[in-house]
Amino acid sequence: MASSGRTTVPTSPLVGAHVPVSGGLAKRGLAYADEIGAECVQVFVTNPRGWAAAKGDPLQDVAFRRIVTDQLPAYVHASFLINLGSPDPAIAEKSATSLAHTIERAWQIGARGVVVHTGSAVSKRRYDDAMTQTRDLLLPILDALPDNAPPVLLEPTAGQGQSLCSTLDELDEYLHRLGHHPRLGICVDTCHFFAAGHDLADDGGMNDFLDHLEKVRGTVPVGLVHANDSMDVVGAKKDRHMAIGAGHVGAEPFRHLLSHPTMQQVPLVIETPGNEAEHAADVALLKSLR
Ligand SMILES: [Zn+2]
């Protein structure tokens, strides 16, 4: 991703995890990262299933920022409730407000990107309206961001509901509608793209997918990977993550991902179920594949 030059650029992708922060961003989140051997982290800065704009704890913010600036690149995942394409004007407005707040918080804590889901039209006939609305809400937020603000990393979904963007063809259209804005990036969730119908488990499937992504993304960088296996088969349109190697994607495609030219400076975070030991195992497995 676009770097502000704060750290030396790694020669191979960093491997980390989404970490819990209840108990303090630094106190809990950084300790958890340490325990599981994470080289980068993703955190929530608000309740992921709510709208409330949490302020944060200044001491924890400072302690977190100090570490993530130099040693442990951090990313923020915005609320799951955000849907810029919602037909409900109140939800659309709350979505924009929540995203803007999350970017502000991400900046305060030294994060390098804010992941947000690409949203849903909710009703089938609304695709065009939903995309126009998404553009009208998102572009002013992006236009207001200075160059050193964390970019917004668009995360295509698994294709459930009337998803606006799940496949690479849909991502192509989505990026065009947003004018390939320079403050945008992409967050690739392997479980989501697999669920949306890209067969990453097929022989050569991951490389084909990433080659195709390289054409689609244009000037928009891939900022982050959510490395997740899938409980469901390819094309199932279900968003159910599994430990790496325990689902229908399997471990081997991640080896190809980790060596693909597009991904050489893109960090991976796992969002797999399980406890600390299981997360440590996922992180170790991914490190062994690079
Ligand atoms: Zn994800």
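Predicted model: local features only at pLDDT ≥ 70, side-chain atom pairs only at ≥ 80, totals over all residues.
The protein contains 9 helices and 10 strands. Its radius of gyration is 18 Å, close to the 19 Å that the globule rule gives for 290 residues, so the protein is as compact as a globular protein of that length. Taken along the principal axes, the box filled by the C-alpha atoms has dimensions of roughly 50 × 45 × 30 Å. Of the 290 residues, 44% are buried. Among contacts with a sequence separation of 6 or more, 79% are made by residues 24 or more positions apart.

Helix H8 spans residues 252-259, and its buried residues are Pro253, Phe254, Leu257 and Leu258. These residues lie on the same side of H8, because the arc that they cover around the axis is only 140 degrees. The elements that cover the buried residues of H8 include helix H7 (205-217), strand E7 (222-227) and helix H9 (276-289).

The axes of the helices H7 and H8 come within 8 Å and cross at roughly 35 degrees. The crossing in which H7 passes H8 is right-handed. On the H7 side, the contact is formed by Gly205, Met206, Asn207 and Leu210, and on the H8 side by Pro253, His256 and Leu257. By type, the residues of this contact comprise 4 nonpolar and 3 polar residues, with no charged residue. Two of the H8 residues in the contact, Pro253 and Leu257, also belong to the buried residues of that helix.

Leucine 145 is located in the loop that runs between helix H4 (127-143) and strand E5 (152-155). Leucine 145 has 17 C-beta neighbours inside 10 Å and therefore counts as partly exposed; a buried residue would need 20 or more such neighbours. When neighbours within four places in sequence are left aside, the contacts of leucine 145 are with Ile103 and Arg183. Between leucine 145 and arginine 183, the separation in sequence is 38 residues, while the C-alpha to C-alpha distance is 7.4 Å.

Technical notes
Residues numbered from 1 in each chain as written. Buried ≥ 20, exposed ≤ 12 C-beta atoms within 10 Å, placed from the backbone. Helix = DSSP H or I, 4+ residues; strand = E, 2+ residues; numbered from the N terminus. Arc of directions from axis to C-beta. Contact = placed C-beta atoms within 7 Å. Axes fitted to C-alpha atoms, helices over the stretch in contact; angles between N-to-C directions. Left-handed = near helix turned anticlockwise from the far one by under 90°. Nonpolar A, V, L, I, M, F, W, Y, C, P; charged D, E, K, R; others polar. Rg over C-alpha atoms; globule rule 2.2 N^0.38 Å.
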